[in-house]
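Dear colleague,

I am passing on the structure we talked about, and my notes on it follow directly below. Please read them with the model open beside you.

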Amino acid sequence: MAAVALRSCRRGLSQILSNGGLAALSPKRLEGDRRHKSTVQYASRPDLPKLAYRKVKGKSPGVVFLPGYGSNMNGQKAEALEEFCRSLGHSCLRFDYTGHGASEGVMAEGTIGTWKKDVLFVLDELADGPQILVGSSIGGWLMLLAAIARPEKTAALVGISTAADHIVTSFNSLPLETRKEFEEKGEWTVSTKHSEEGLYKFSMDFLREAGNHCVLHSPLPITCPVRLIHGLKDDDVPWHISMQVAERVLSSDVDVILRRLGQHRMSEKDDIKLMVYTIDDLIDKLTTMV
């Protein structure tokens with residue numbers, strides 16, 4: 001089993017800052033210069049919807065950002081990450097899943113399997129060499145699936161509010177009568193503050209398909225460095241899921257970083273700084289190992 005290191009954010013940040021990390025991460029760096037923002041490109045796939053993506057070329061290891069459910073590649077975390085990678089001269093790739101953002105397809109028709117295929121296509125066809133996969137929420141689940149399927153393309157993992165198996169386990173934890181009511185309706189509606197409608201709708205077919213991709217029922221054959229950041233105030237995905245991931249992966253290099261006031265989106269300025277510092281530390285570690 002993995003050795004889990006629980007460290008306070010304050011101590012972790014002070015160690016990085018003492019190594020000169022602050023100079024590379026000034027507010028101007030993090031906010032980014034819009035004139036240098038990457039342009040949207042489209043990747044064609046035989047018989048599949050086109051995927052929209054933005055790519056900055058640079059050194060290895062590169063960084064690939066996997067957004068959350070219903071989100072896209074233009075969020076604060078993704079844009080800050082691209083600007084940071086550009087400042088270091090490392091490659092960065094962000095994209096929209098099928099049915100999300102600028103990509104083709106219908107979101108309601110997507111599945112965990114659909115979006116897993118999207119991630120694998122990006123790693124196989126658009127990314128050069130091993131990558132640090134940064135997954136937010138459901139992107140953290142997809143990050144784990146990709147690391148298992150493409151270990152040779154995975155240099156390290158950074159999960160943010162990782163939602164591995166969460167949709168399935170949440171539904172299965174409902175009272176039996178409640179589940180039966182949703183099954184009769186054909187869909188499960190979940191209240192959320194992250195959607196304009198105020199709710200997410202998951203069909204029974206979506207939930208059944210998602211069950212085929214659950215990962216926390218057995219050890220995970222992932223041996224690269226893993227960093228898991230989660231907020232204790234996350235009302236959408238409980239922080240103990242990150243603890244479960246840490247216990248399941250086979251890697252001996254695993255850190256779980258818990259932010260006492262962190263919420264699900266982890267999009268506050270200090271949250272984003274922590275993400276960037278964590279990736280900076282991993283890049284330093286991976287390049288030193290080489």
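R265 is partly exposed, with a relative accessible area of 41% (buried means under 20%, exposed over 50% and partly exposed in between, with a 1.4 Å probe and protein chains only). This is a predicted model, in which local features need pLDDT of at least 70 and side-chain atom pairs count only at pLDDT 80 or more, while totals for chains, interfaces and linings use all residues. Residues are numbered from 1 along each chain as its sequence is written, and side-chain values use heavy atoms, with hydrogens and water left out.

R265 sits in the loop that runs between β11 (254-259) and α11 (269-289), where helices (H or I, at least four residues) and strands (E, at least two) are DSSP runs numbered from the N terminus. Apart from neighbours within four places in sequence, R265 is in contact with K77 and H194, contact meaning heavy atoms within 4.5 Å. The C-alpha atoms of R265 and Q76 are 9.9 Å apart, although 189 residues separate the two along the chain.

As for β11 itself, 5 of its 6 residues are buried, so the strand is largely enclosed by the rest of the structure. β11 pairs with β10 (residues 226-231) in the parallel sense over 6 bridges (two strands pair if DSSP finds at least two bridges between them), and V256 in β11 is the bridge partner of L228.

L228 is also among the contacts of T162, which include H230 and W141 as well. T162, in the loop between β7 (154-160) and α7 (166-172), is buried, with a relative accessible area of 0%.

Best wishes
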